[in-house]
Amino acid sequence: MVIKGIAASPGIVIGKAFLINSQTLSITKRKIPKEELPLEIARFEEALIKTRSEIIEVKKKITNELGGEHGEIFDAHLLVLEDRALIEEVIAGLKKDRASVEYVFSRVLERYTSAFTRIDDEYLRERLSDIQDVGKRILQNLLGGEKTMLKDLKEEVIVVAYDLSPSDTASMQRDKVKAFITDIGGRTSHTAIMARSLEIPAVIGVEIGTREIKNGDTVIVDGNCGLVLVNPDRVTIQKFRKSKKELAELQRDLVKIRKLPAKTKDGYHVQLSANIEFQEELSSVISHGADGIGLYRTEYFYMNRSGLPTEDEHFEAYKKVAEKIKPQTVIIRTMDLGGDKFISQLEVPRELNPFLGWRAIRFCLARPEIFKVQLRGILRASAYGSLKLMYPMISGVEELKEANKILEKCKRELEKEKINYNRDIEVGAMIEIPSAALTSDILANEVDFFSIGTNDLIQYSLAVDRSNEKIAYLYNPAHPAVLRLIQNVINTGHNKGLWVGMCGEMAADPAMALLLLGMGLDEFSTSPLVVPQIKKLIRSVRMEDAQKMAKEALKLSSGNRIKKFVEEKLKRIAPEFITGKGR
Ligand code: PEP
Ligand code: MG
């Protein structure tokens, strides 16, 4: 059986499936520290919300198939979810027992069951079956959400799950998880980005993975093509083993050019940097020949830990990266939590539209005491290497001015305390909201550089959730609206004397990279694995050809046309990139 999904992280792996679902997990009493109580409550709330939408979905399906009266059963189920007594009992139990929420919830469920079975009343007995049904669903969602097994694997596996959060992925045992497959998610979801940075091959958005794959099935994950093969025959396995070998050879070939500059045939030089999430990736940045780090996503520093990082922890972490990459530059992006990245310690309330909500710089400006801890850490580390910093999710000039004001305050404090830092540290704005792209001429007066974050810019300008596989076909970086915004930012930046980079995934697509080169982009920042490929591309073309091609492409009417046009041109103007096994 072949299942098609989204190619999230490259590599071919053959192995045994390990399903993450409630059957593989057991409820044991796990004590939790006091400071993690809000996290448990948040997990409970999340499970209630998820259960609610599942029940609504089932109700819809049953009503369509069997008629309204059958669907009404589920109204009773929805009422159970709103039962304050049940919810309050769980929250009180959490505070009293200080145990994981699934344990507390399962105990509450047991108490309800034994109390109701003792009552001789037909109506109430029916209510009990509602409570048990709903309770089972809530437990499944809680257990599925915890994914404790991922931290305690005994053998090498290919993880198959409905969904994995970025922090689930971050806490995977890399020596045991050889690849993963999820039912939902898009290519630029943070789970996919995380997989690339951990170099774990992944296919996501397969929709039917957890339904069709059984525990222990042999599966092939082809993270390059976005394919999952379930229980393949011997001939297929052999074919994929051969492709895996060829892929490894190709990667070795590409890495050979790591010491050469990212220069076009006609001598035009671009900056080719890498994106990282963890310090462990530094050796990969160096071995793949990047000219520095164009995006250090610092929010992972806040995840999978109890309590917020201290100023010293920030300082030590950034100092280490700066020293290791010196004399090259590291661009540290200030914390960008929210959207699909949450942490419990900040107690950010759940929102209806988290991607449009109280997140990233909005949160930082509202909580300057938290923001300043990170800014001071970055400033202190700037004395030990070449550091720049940039703010995520800037939507207008006021935010940018406010952020800079807080930065200035931190600088003054450090001066007073006689602590060293680089007074001329460059500051940039990420351009990832259409309003920022359109007002880049105004923003340019406040910063030293722009870095275009296309992962978000595309989702916001096309109204396409970056992590939703169902609308992935609409998520098109070549859409003329996206290209016009990008061209505007590049032109404005250059007119104002700023360099303009891109740290979104668009820069990692060879055809798009060729287009961006022609549009005048100064810096490309991609995951370390992709750096050699983009370098090879840049070294295979002439700037003059890229510029001509970009001009023509921007005249076309649709994203699909532009994509096809650029791919065709790539074949023609950089034949050695294709024929020379460049991709
Ligand atoms: C982006 O939005 O393009 C980006 C680089 O930031 P992130 O993927 O972390 O949102
Ligand atoms: Mg972003």
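In this predicted model, helix α20 (residues 510-519) packs against helix α23 (residues 559-573) at an angle of about 85 degrees, and their axes are 9 Å apart. Angles of 65 to 115 degrees count as roughly perpendicular, so that is how α20 and α23 stand to each other. On the α20 side, the contact is made by Pro510, Ala511, Met512, Leu514 and Leu515, while α23 brings Ile562, Lys563, Val566, Glu567, Leu570 and Ile573. Sorted by class, the residues of this contact are nine nonpolar, no polar and two charged.

Stay with this part of the chain a moment and look for alanine 550, which is found in helix α22 (residues 543-553). Alanine 550 has a relative accessible area of 2% and is therefore buried. What does alanine 550 touch, leaving aside residues up to four places away in sequence? The answer is Leu515, Gly518 and Met519. Leucine 514 is 36 residues from alanine 550 in sequence, yet the two are 8.3 Å apart in space, C-alpha to C-alpha.

Helix α21 (residues 531-540) is mostly covered, with eight of its 10 residues buried. These are Val531, Pro532, Gln533, Ile534, Lys535, Leu537, Ile538 and Ser540.

From α14, the contact draws on Pro368, Phe371, Lys372, Leu375, Arg376, Leu379 and Arg380; from α15, on Ala403, Ile406, Leu407, Lys409, Cys410, Lys411, Glu413 and Leu414. By class, that gives nine nonpolar, no polar and six charged residues. Here are the two pairs side by side:

Now for the metal. Which residues coordinate the magnesium ion (ligand 2)? They are Glu432, through OE, and Asp456, through OD, at 2.0 to 2.1 Å. Glutamate 432 sits in the loop between β13 (426-431) and α16 (434-438), whereas aspartate 456 belongs to helix α18 (residues 454-462), so the pair ties together parts that are 24 residues apart in sequence. Both glutamate 432 and aspartate 456 are buried.

Finally, a few backbone details. Most residues other than glycine have a negative phi, and most peptide bonds are trans. With that in mind, take a look at glutamate 207, which is not a glycine but has a positive phi of about 65 degrees. Glutamate 207 lies in the loop between β6 (202-204) and α9 (209-212). Its relative accessibility is 46%, so glutamate 207 counts as partly exposed.

Methionine 393 also has a positive phi, of about 55 degrees, although it is not a glycine. You can find methionine 393 in the loop between β12 (386-391) and α15. Is methionine 393 buried or exposed? With a relative accessible area of 0%, methionine 393 is buried.

The last stop is a peptide bond. Lysine 326 and proline 327 are joined by a cis peptide bond, with an omega of about 5 degrees. Proline 327 has its place in the loop between α12 (311-325) and β11 (329-333).

Terms used:
Residues numbered from 1 in each chain as written. Chains lettered and ligands numbered in written order. Predicted model: local features only at pLDDT ≥ 70, side-chain atom pairs only at ≥ 80, totals over all residues. Heavy atoms only, no water. Donors = N, O, S within 2.8 Å, 3.2 Å for Na, K, Ca; no water. Helix = DSSP H or I, 4+ residues; strand = E, 2+ residues; numbered from the N terminus. Buried < 20%, exposed > 50% of the residue type's maximum accessible area, 1.4 Å probe, protein only. Contact = heavy atoms within 4.5 Å. Nonpolar A, V, L, I, M, F, W, Y, C, P; charged D, E, K, R; others polar. Axes fitted to C-alpha atoms, helices over the stretch in contact; angles between N-to-C directions. Parallel < 35°, antiparallel > 145°, perpendicular 65-115°, else oblique.
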